[in-house]
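Colleague: I would like to go through this model with you, one question at a time. Please show it first.

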Amino acid sequence: MDRHYSSLTVIAFIVLAFNSGLAIYNSWGDAGSVAFVLVADAALLLLFLCLREFERARGGAGTGRIKGAVWALTTLLTAMFASRVAPLMPPAVEAAVWLMAVATIAGGFWAFFLN
């Protein structure tokens, strides 16, 4: 199995790790915020690995399961970020944030499975 990653990918993961470390340091004592950062990082890492596997499969066996995993991870991330942003907004904008999140999730489902 080829484990070669591009320099840009390595740099992006280093920046993500540094940024996540700072976020955890700044929110130490707030278990919810620390958990949010850790779960978001894990989901991003899994999403990267799923997309890499999907590119390797190129329509072969198992691509349906990979598409399902990609959609589930993007749904998780969308819902997580909407749940953090929406409460900070006025009620009308909060509703718009959730409406956009649902539209994004539904659009992803349509693009992956119905189109």
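Modeller: Over residues 95-114 the chain is 100% helix and 0% strand, where helices (H or I, at least four residues) and strands (E, at least two) are DSSP runs numbered from the N terminus. This is a predicted model, in which local features need pLDDT of at least 70 and side-chain atom pairs count only at pLDDT 80 or more, while totals for chains, interfaces and linings use all residues. Residues are numbered from 1 along each chain as its sequence is written, and side-chain values use heavy atoms, with hydrogens and water left out.

Colleague: Over residues 95-114, how far apart are the end C-alpha atoms?

Modeller: UniProt, in an unreviewed entry, places the feature "transmembrane region" at 95-114, among other stretches. Its positions are in the numbering used here, feature names are shortened, and annotations may be inferred rather than shown by experiment. In the model, the end C-alpha atoms of residues 95-114 are 27 Å apart.

Colleague: How are the rings of Phe13 and Phe48 arranged?

Modeller: Rings of Phe, Tyr and Trp (its six-membered ring) pair if their centres lie within 6.5 Å; planes under 30 degrees apart count as stacked, over 60 as edge-to-face and the rest as tilted. A search of the whole structure finds six aromatic pairs. The ring centres of Phe13 and Phe48 are 4.9 Å apart and their planes are at 75°, so this pair is edge-to-face.

Colleague: How many residues apart in sequence are the parts that Phe13 and Phe48 tie together?

Modeller: Phe13 lies in helix H1 and Phe48 in helix H2. The pair therefore ties together parts whose separation in sequence is 35 residues.

Colleague: Is Phe13 buried, partly exposed or exposed?

Modeller: Buried means under 20% relative accessible area, exposed over 50%, and partly exposed in between (1.4 Å probe, protein chains only). With a relative accessible area of 28%, Phe13 is partly exposed.

Colleague: How are the rings of Trp71 and Phe109 arranged?

Modeller: Trp71 lies in helix H3 and Phe109 in helix H4 (residues 91-114), so the pair ties together parts that are 38 residues apart in sequence. Their ring centres are 5.4 Å apart and the planes are at 65°, so the arrangement is edge-to-face.

Colleague: Over which ring does the charged end of Arg84 sit?

Modeller: A charge sits over a ring if NZ of Lys or CZ of Arg is within 6 Å of the ring centre and within 35 degrees of the ring normal. The charged end of Arg84 is 4.8 Å from the centre of the ring it sits over, that of Phe36.
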